[in-house]
Amino acid sequence: MRLATLRLGVRTAAVRVEGDSAVDLGMPDVGALLAMPDWRERARSTPGHRLGLAGADYAPVIPRPGKILCVGLNYRSHITEMGRALPQYPTLFAKYPEALIGAADDILLPSRSAAMDWEAELAVVIGDHVRHADEGMAAAAIAGYSVLNDVTARDWQYRSTQWLQGKTFERTAPFGPVLVTADELDPDSGLELAAELDGEIVQRASTADLLFKAVDLVCYISAILPLSPGDVIATGTPGGVGHAHEPPRYLRDGVRVTTRITGIGEMTNVARASS
Ligand code: ZN
């Protein structure tokens, strides 16, 4: 199944996407849907009102996750091209819901940063409560997958050894357009992930190249704290970010940023200087 959160005037709605239309599932967003223990059955069989998707306004697929955990260096080819040894443990940092935007919303370039950069990533969305997961529990706890652009203020990220302050600027991180349930998609089989700036491909990689895979990350993180429905794990980005260009290349007002993963979908967001 393909699930999305749409803005419908004064409300939002969780929908099941079917081709070029969608069925309103009677819940305010996909996060609220996933909080229902029988969400799979509800999502599959709710008859609901049918909506056209032409001109649909996508909210972040989970508008207010309880947790957004992000992973640093995690693509083998990118780590080795940087001349680093493969890490034994994932690097984790956080992002807060205020950073999230929808699949076609503008990326707000903060007036206080001159180094906003793109990071196309596979997002893992949790669909059950899970703690101290083994691999089987971890796989069962994954609701599905989406796309997240972990837009980063490099000048703030590297002010200290802790990355958080560069990673959670308001209205910077596109998340969507849909969640594809785990029964229909296997990132370990190798999905193409890409980023484009005004149509020029700047990142391209296979999700099969992830060092710490979705199941590994759920096992690792759930050893620290409980994961709950609607929580999000952004799994890291491959090579091709602007900061690694010579000279560095950052987002400017009016640039169109497209991020996509084969089998999930794509988002196109225009960078806009804050006024
Ligand atoms: Zn990232």
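What spacing do the donors of the zinc ion follow along the chain? The spacing is E-x1-E-x28-D. This is a predicted model, in which local features need pLDDT of at least 70, side-chain atom pairs count only at pLDDT 80 or more, and totals for chains, interfaces and linings use all residues. Residues are numbered from 1 along each chain as its sequence is written, and side-chain values use heavy atoms, with hydrogens and water left out.

**Zinc site**

- Glu-119 (OE), Glu-121 (OE) and Asp-150 (OD) coordinate the zinc ion at 1.9 to 2.1 Å. Donors are N, O and S atoms within 2.8 Å of the metal (3.2 Å for Na, K and Ca); water is not among the atoms, so sites may look incomplete.
- Glu-119 and Asp-150 link distant parts of the chain, 31 residues apart. Glu-119 sits in the loop between β9 (116–117) and β10 (120–126). Asp-150 sits in the loop between β11 (142–149) and β12 (152–153).
- Helices (H or I, at least four residues) and strands (E, at least two) are DSSP runs, numbered from the N terminus.
- Asp-150 is buried at 0% relative accessible area. Glu-119 is also buried, at 8%. Buried means under 20% relative accessible area, exposed over 50%, and partly exposed in between (1.4 Å probe, protein chains only).

**Lys-95, a partner of Asp-150**

- The side chains of Lys-95 and Asp-150 make a polar contact at 2.7 Å. A polar contact is a pair of N or O atoms within 3.5 Å; within protein, one must be able to donate a hydrogen and the other to accept it, and residues adjacent in sequence count only if both atoms are side-chain atoms.
- Lys-95 belongs to strand β6 (residues 92–95). Its relative accessible area is 2%, so Lys-95 is buried.
- Beyond its neighbours within four places in sequence, Lys-95 is in contact with residues including Ile-68, Cys-70, Leu-148 and Lys-167. Contact means heavy atoms within 4.5 Å.

**Helix α6**

- In helix α6 (residues 214–222), the buried residues are Ala-214, Leu-217, Val-218, Cys-219, Ile-221 and Ser-222.
- Elements covering these buried residues include β5 (68–71), β6, β10, α4, β11 and β16.
- Leu-217 of α6 is buried at 1% relative accessibility. Leaving aside neighbours within four places in sequence, Leu-217 is in contact with Val-71, Asn-74, Pro-90, Phe-212, Ile-233 and Thr-235.

**Largest pocket**

- The largest pocket has a volume of about 360 Å³.
- Its lining has 20 residues, and Leu-73, His-78, Met-82, Arg-154 and Tyr-158 lie nearest its centre.
- By class, the lining of the largest pocket holds eight nonpolar, six polar and six charged residues.
- On a 1 Å grid over the protein atoms alone, a pocket is an open set of points where a 1.4 Å probe fits, with protein on both sides within 12 Å along at least five of seven lines; lining residues have an atom within 4 Å of a point.

**Backbone geometry**

- The Gly-176 to Pro-177 peptide bond is cis, with omega near -10 degrees. Pro-177 is in strand β13 (residues 173–181).
- The Glu-246 to Pro-247 peptide bond is cis, with omega near -5 degrees.
- Asp-198 is not a glycine, yet has a positive phi of about 45 degrees. Asp-198 is exposed, at 51% relative accessible area.

Notes:
Points joined across faces, edges and corners; volume = space filled by probe spheres on them. Nonpolar A, V, L, I, M, F, W, Y, C, P; charged D, E, K, R; others polar.
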